[in-house]
Amino acid sequence: MIETTMVTAKAAKQSNVKYYGSYKNVKWKVYKSGLLEVKGTGDMYDKKKGPDWLAFRNSIKSAKIEVKKPTNLSKLFYGLEYMKTVDLSKLDTSRVTDMSYMFSGCSKLQKVNLRNFNTSQVMSMKSMFYGCSNLRTLDVSKFNTSKVTNMIDMFRGCKNVKTLNVSKFSTTNVTKMRDMFYGCKSVNALDVSNFNPAKVTDMTGVFSGCENIKTLDLRKWDMAKVKKMGSDQDRDEVMEDVEDRKFPTYGMFADCVNLQTIKWSNVNTANVKNMGFLFYNCCSLKAIDVSSFNTENVKCMAGMFSGCSSLKTL
């Protein structure tokens, strides 16, 4: 029998505590100072409902998590837009399978130490750092991603991160990678040369808006199963989506304005249906090798090379 007892969050009687609650063997408090403190063993909240402390997001400015043996960290800090610092030094992640949306929307988060993170069991990193727009550094160099299947929006909107070391990432089991680095406009280099996206079907927006990247080495990329490399809409429809604040399906390299070289060869595009805005506004590219492209099944090529003002060789 699964225990489902959970104490509803309420104003605390202690003078220095503003809110508190519990779930199974975990207790949490939000202090008047703005500190969220979580202690205990096991999962911290019901996965479907999410953390109770998110109801008091406007009061949380920092967090300290001391929990052993949790399996789920999805939405742990989701939307805590006023949280600037977090201490995870005593968080056990060895059994965690889901880190999706973990820091999503933490727009004021300035730094986070993830060096001791054990990610060997994690299967989803979807939107893990989505919208962490104030982060300047992010060290994920020791992440074990061998079991990860979902990396959609993982670093999307991390617009101030300058260095992102993903060179040791394993993408062997990844099936979803859309918009992975979308809007990482301060990253000046991205080593994805050892990525193996053989199971990925959607590549739209993967590097879109990476404005400072100059070179991408994709020579080892197996793209045989990819169906989408770009938009299935024309430009007017895409802009309408932007105005309506929806998320447009955008080209794989769109708005990579300083990208000068894409190293790839024998790109298998036999299954690709959408290439709309694939190289949109890649205004520094002088040459693109598309000699191996098979466009037999492509239905949309709208704006594929639009804005490639320096292009001389195709």
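In what order do the elements of the protein chain run from the N terminus on? They follow the pattern β-β-β-β-β-β-β-α-β, which comes to one helix and eight strands; helices (H or I, at least four residues) and strands (E, at least two) are DSSP runs numbered from the N terminus. The model is predicted, so local features need pLDDT of at least 70 and side-chain atom pairs pLDDT 80 or more, while totals for chains, interfaces and linings use all residues. Residues are numbered from 1 along each chain as its sequence is written, and side-chain values use heavy atoms, with hydrogens and water left out.

On overall dimensions, the C-alpha atoms fill a box of roughly 70 × 35 × 30 Å along the principal axes. Of the 314 residues, 49% are buried (under 20% relative accessible area; exposed is over 50%, partly exposed in between, with a 1.4 Å probe and protein chains only).

Aspartate 153 has a positive phi near 60 degrees and lies in the loop between β6 (85-87) and β7 (215-217); its relative accessibility is 8%, so aspartate 153 counts as buried. Asparagine 266, in the segment after β8 (261-263), has a positive phi of about 50 degrees, and at 70% relative accessibility asparagine 266 counts as exposed.
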